[in-house]
Amino acid sequence: MRLIRVMCSGRIDPAFVLRAFSQGADGVFIGACHLGECNYITHGNYHTLNMVLLLRLILEHLGLDPERLRMSFMSGAEANLFVENVNDFVKKIKLLGPVGAGEGIGPQELKRKLETATELVPYIRLVERERLRAPMMSEEAYYAYFAGQEMKRLFQETIVEKLAIGQIIALLRAGPLTTAEIARSVGLTPSEVSKHLSTSSRHRLVRYDQEQKRYALA
Amino acid sequence: MEYCPVTYPDVFNQEISQNKAVHIYFSQAIPLVTYIDESCLYLKEKKCRICEGVCENKAIDFRQTPEKRKVKVGAVLLSLGLEPFDPRVRPEYRYGEFQNVVTSMDFERLLSSTGAYAGEILRASDLKHPQKIAWIQCVGSRSVVEGNNSYCSGVCCTYTQKQVILTKDHHPEAECTVFHNDIRSFGKDFERYFQRAENLPGVRFIRSYVSIGREIPESKNVTIRYATPDDGVKEEEFDLVVLSVGLNPPREVIKLAQQFGVELNPHQFCKLDPVNPLVTNRPGIFVSGGFQGPVDIPESVFSASGAGSQIGQLLDYRRGKLTQEREYPPERDVSQEEPRIGVFVCHCGANISGVVNVPDTVEYCKTLPHVVHAQNQVFSCATNSAKEITDITREKGLNRVIVAACSPRTLEPLFRDTLREAGINPYYYEMANIREHNSWVHSKEKEAATRKAQDIIRMSVARACHLEPLQEFDLPVNKAALVVGGGLSGLTCALSIAAQGHEVHLVEKDADLGGIARRIHYTLEGLDVPAYVQDLVGKVYHHPLIHVYTGATITEATGFIGSFVTRVQSDRGLSEIKHGAAVIAIGADLYTPGEYLYGQDERVLTHLELEEKIAGGDEKVTGAQSLVMIQCVGCRNEDRNYCSRICCSQSVKHALKLKELNPQMDITILFRDIRTYGFKEDYYRAASEKDVKFIRFEPTAPPRVEAGTAEDGRSVLKVTVPDYILGKELELDADVLALAAAVVPSAATKEIAGLFKVTLSPDGFFKEAHVKLRPVEFATDGVYLCGAAHYPKFMQETINQSYGAAGRVLTLLSRDTVLASGSVCEVDENKCVSCGACITACTYGAIEFYETPQGRKAKVNPVLCKGDGLCNTKCATGAIMLKHFTDEELLSEIDAALVEETAPTALEAAA
């Protein structure tokens with residue numbers, strides 16, 4: 001485990017977490033003050049928990065095990081908690097194996113997925129503020145809320161399409177592809193891909209190349 | 001320590017585990033250095049001297065002898081502390097006799113991760129985890145038998161609850177039983193804490209006197225006999241019994257008291273002046289903390305701070321006489337240079353070098369980009385090492401320095417200073433923690449630890465390349481203070497600040513000073529409150545440095561530490577007050593009961609009204625045949641989930657007074673738990689002895705009150721309550737019913753909190769910066785609090801805390817400037833889209849919009865920014881950035897952490 005110091009867990013940006021995974025970290029552990037015991041008056045740890053849970057949904061959606069990202073709460077006087085949490089986390093990560101490989105995702109694909117998510121970070125910040133931020137509550141309540149139907153719907157509405165389009169565009173950067181080829185690579189059905197492709201065409205992000213009978217970047 | 005052949009019981013760990021003759025006292029000791037004690041073979045028998053030979057630094061000197069020094073001082077502060085009660089004085093506790101009977105102090109060391117078994121709870125007889133644990137409360141306290149203390153130690157109820165919670169954290173399956181008398185959760189947030197402990201699964205709180213039975217020969221388990229109303233007397237077996245021992249006066253207190261010529265009270269604590277509990281009978285000798293009496297941490301901290309303020313008053317004329325100004329060379333501008341990094345790798349004696357291969361690591365550092373110098377040092381923090389860093393920085397033209405050693409928490413300020421000495425901006429310093437993060441946790445994996453040390457340094461080097469010079473800035477401190485609230489706490493605080501030469505603006509909403517203390521006529525200890533308050537008010541009005549604003553409301557409060565501007569509308573008209581510090585001392589209000597016929601029947605009074613009638617000699621009260629009091633009216637319930645702390649003692653106070661005036665009066669106090677903590681317990685006992693009846697009720701079956709007629713035909717209030725001891729309903733006839741109405745936050749609390757940007761606790765009182773360690777400060781710099789605005793408290797506690805707040809104010813006002821950190825946020829206006837996300841996130845109010853030719857943009861006030869960086873993660877365009885923790889700096893660390901190694905090796909090196 002390698003440690004990076006921030007003054008408040010609230011400073012931890014989703015982009016940092018994604019960067020760590022794309023550089024080959026198998027797990028990211030965030031240690032924070034106990035909820036409700038903020039050293040500042042900003043309660044940044046609630047915000048971070050919200051961000052972590054959202055990121056876990058994104059990781060899961062991308063086919064990565066969300067357990068690779070963990071947030072634990074402890075005070076400076078609770079060395080035993082830190083040790084317990086870290087040991088447990090390391091054990092878990094060892095079981096999961098190397099990032100990507102453990103989930104059966106190739107290095108190129110992993111890179112593309114994480115890049116897509118990273119590009120989405122500014123958008124995630126906006127939509128998090130508008131729609132995906134839960135009110136301050138207990139840790140258990142956060143987990144329950146993020147596992148619930150309401151969040152599932154919100155996540156579907158706000159993030160899923162963006163992630164799919166992002167991945168399609170990343171794929172097309174390497175060259176034109178057919179709908180079926182795209183569908184295989186991003187793990188969606190051809191009809192879902194068609195839907196995204198038509199949206200993207202409307203937004204003039206992609207075009208249909210008549211000659212090659214394939215989609216390409218606009 | 002490794003080589004010392006002597007092992008003997010470790011005193012700090014209650015002699016449960018072993019230590020060496022050369023040792024560190026405990027892992028958080030200050031200073032954190034080893035020393036040799038009397039168990040040393042050389043000191044005892046002139047043998048051994050092994051340590052002297054193995055110490056590379058020649059730090060061991062057996063020629064040292066004790067020496068006497070004379071120090072001339074202007075004041076003495078007696079902070080003698082407390083001693084845990086030793087249950088060996090009473091054989092019935094079986095302590096020292098049964099192996100599995102321990103004190104709470106022993107248990108504390110079992111719970112601690114630095115304790116006897118490194119955080120494992122093991123019992124002595126078989127070194128196994130105890131499954132069934134019992135705590136016995138009031139061991140050595142609240143008892144008049146020989147050897148015990150008659151007073152209540154005040155802390156044991158809550159520390160036991162803490163131990164229960166921690167035990168359940170360690171072993172969720174453990175069964176915890178607490179045998180208690182009254183539960184005295186009178187401290188701030190303690191009621192909620194009690195509920196948290198009580199509601200854990202497998203936890204029982206049983207109200208019963210107990211006796212320790214026998215030790216089972218085979219299992220060494222211990223039996224406890226107790227009684228409950230439902231089941232009668234029972235005997236139950238436990239794996240471990242914890243005696244919740246009370247607090248004794250400090251060790252050798254009589255001898256010390258004689259040496260200093262200070263008087264003791266009958267309990268052998270310091271005899272206190274009721275209006276100034278921080279002074280002793282000898283001028284110039286002050287007292288704080290446990291020597292005042294059994295107290296918890298917050299009271300101890302604010303009394304220490306308060307004594308500091310009074311010593312400041314005494315010695316103010318000598319302030320600054322012994323200080324020296326530091327001078328630094330001018331700062332060299334290196335921002336345009338290529339990074340030239342120096343890395344100093346610390347051995348920390350053997351703390352690091354015993355695990356990490358330091359020479360290899362130094363060689364590795366030399367291979368890293370931009371590193372132009374790398375070397376080792378035995379102790380980088382030693383004065384000569386720091387000097388070496390300064391010298392080499394100058395010689396080799398370094399513009400960034402990394403010390404690979406320990407946690408930045410302790411030594412970063414020192415090394416930043418070292419850079420300043422070399423003419424380099426202190427923010428070019430970076431600390432690589434290869435001790436706490438590495439050698440201390442990987443002592444058994446030396447090779448992996450060496451690789452990890454190199455990784456950590458590589459990360460620091462990557463980060464150092466991106467560091468920027470930052471300016472800390474001096475904020476001028478306006479020497480005046482604003483005190484909000486002219487009650488006992490505000491008056492005391494204002495006088496102490498003014499006595500040290502600072503102007504004080506005292507703002508009071510009423511037309512007169514004195515606050516609620518004006519309605520109190522005497523205390524339990526017999527203090528003449530009106531005379532005292534009158535004297536205090538007189539002193540305040542006559543003090544040339546105190547400006548009083550009565551009939552005042554605060555209309556606006558702006559500014560920050562050192563330079564606040566507050567607008568006040570008062571009898572003086574509209575004033576604009578400039579001040580460097582603010583004290584919130586707005587006191588508290590009284591709950592107006594809606595229950596027990598209050599407001600409908602004039603015989604139902606609150607305690608404050610009762611007190612006024614007693615003082616006024618109202619015959620209806622003093623001549624009553626029968627008087628009933630009901631405790632916990634309006635608190636310890638769903639609406640106000642806290643204990644008002646003072647009401648039990650108030651009831652006892654009135655009962656004793658009435659018994660003195662009219663010994664024939666029948667007085668009954670209906671209570672839930674009697675919370676006469678500390679020495680007030682003696683008055684509770686006195687009341688019982690004077691035949692005041694105490695009857696306990698449960699919140700589920702509170703007393704019922706209705707108008708009725710007594711047997712003798714007189715009109716009375718009928719009070720009905722179940723009696724759990726007799727097991728039947730009791731009907732009491734009361735001529736007067738007095739209600740212990742709750743103390744509630746002042747009506748102005750929310751408004752004042754908004755004006756001064758300070759926060760409130762769940763119960764609506766002001767929230768201090770840290771409940772234990774910073775009980776008179778707010779998290780907002782330059783704003784302080786004291787008195788009942790913080791939480792209900794007795795006059796003595798209020799006075800302690802008010803001097804404490806004055807002490808903290810003086811620490812600020814005695815300086816000409818305060819230093820603001822350079823690590824604050826800044827907005828790139830070109831990127832700002834004025835969405836306001838950062839402004840919403842910043843509860844410090846440090847970010848505001850302002851108009852520019854390009855439209856509205858966010859701007860950070862660097863004085864208010866605390867550098868937590870939450871706003872950074874809210875900004876969709878990355879326009880706001882926390883200096884010293886920029887995206888660039890942090891991402892470079894992430895990349896460097898993962899650059900060389902692939903994940904599996906990183907895993908191997910991990911714990």
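In what order do the five strands of the open sheet in chain B lie? The order is β24-β23-β22-β28-β39, with parallel pairing. The model is predicted: local features need pLDDT of at least 70, side-chain atom pairs count only at pLDDT 80 or more, and totals for chains, interfaces and linings use all residues. Residues are numbered from 1 along each chain as its sequence is written, while chains are lettered from A and ligands numbered from 1 in the order in which they are written.

Helices (H or I, at least four residues) and strands (E, at least two) are DSSP runs, numbered from the N terminus. Two strands pair if DSSP finds at least two bridges between them. The edges of the sheet are formed by β24 (546-549) and β39 of chain B, each of which pairs on one side only. On average, neighbouring strands are turned by 20 degrees against each other, direction ignored. Angles otherwise run from 0 to 180 degrees between N-to-C directions, and axes are lines fitted to C-alpha atoms, for helices over the stretch in contact.

B:Val504 has B:Ile546 of β24(B) as its bridge partner. Strand β28 (residues 581-584) of chain B has a partner on each side. With β22 (residues 481-484) of chain B, β28(B) forms four bridges in the parallel sense. There, B:Leu482 stands opposite B:Ala582. With β39 (residues 783-785) of chain B, β28(B) forms three bridges, also in the parallel sense. Here B:Ala582 stands opposite B:Val783.

Both faces of β28(B) are covered. B:Ala581 and B:Val583 are buried on one side, and B:Ala582 and B:Ile584 on the other. A residue counts as buried if 20 or more other C-beta atoms lie within 10 Å of its own, as exposed if 12 or fewer do, and as partly exposed in between; C-beta atoms are placed from the backbone.

Helix α13 (residues 488-498) of chain B packs at an angle of about 45 degrees on α14 (residues 529-542) of chain B, with the axes 10 Å apart. That angle makes α13(B) oblique to α14(B). Angles under 35 degrees count as roughly parallel, over 145 as roughly antiparallel, 65 to 115 as roughly perpendicular and the rest as oblique. The crossing is left-handed, a term for a near helix turned anticlockwise from the far one by less than a right angle; clockwise is right-handed. Residues are in contact if their C-beta atoms, placed from the backbone, lie within 7 Å. From α13(B), the contact uses B:Leu488, B:Leu491, B:Ala494 and B:Leu495. From α14(B), it uses B:Val533, B:Leu536, B:Val537, B:Lys539 and B:Val540. By class, eight residues are nonpolar, none polar and one charged. Ala, Val, Leu, Ile, Met, Phe, Trp, Tyr, Cys and Pro count as nonpolar, Asp, Glu, Lys and Arg as charged, and the others, Gly among them, as polar.

Between the chains, 39 residues of chain B are in contact with 37 residues of chain A. On the chain B side, α22 (887-899) is among the helices that each supply at least two residues. With eight residues, α22(B) gives the most. The chain B side divides into 21 nonpolar, 11 polar and seven charged residues.

The axes of α22(B) and α1 (residues 14-22) of chain A come within 9 Å and cross at roughly 20 degrees. The two helices are therefore roughly parallel. Their crossing is right-handed. A:Phe16, A:Arg19 and A:Ala20 meet B:Leu890, B:Leu891, B:Ile894 and B:Leu898.

How values were computed. Contact = placed C-beta atoms within 7 Å.
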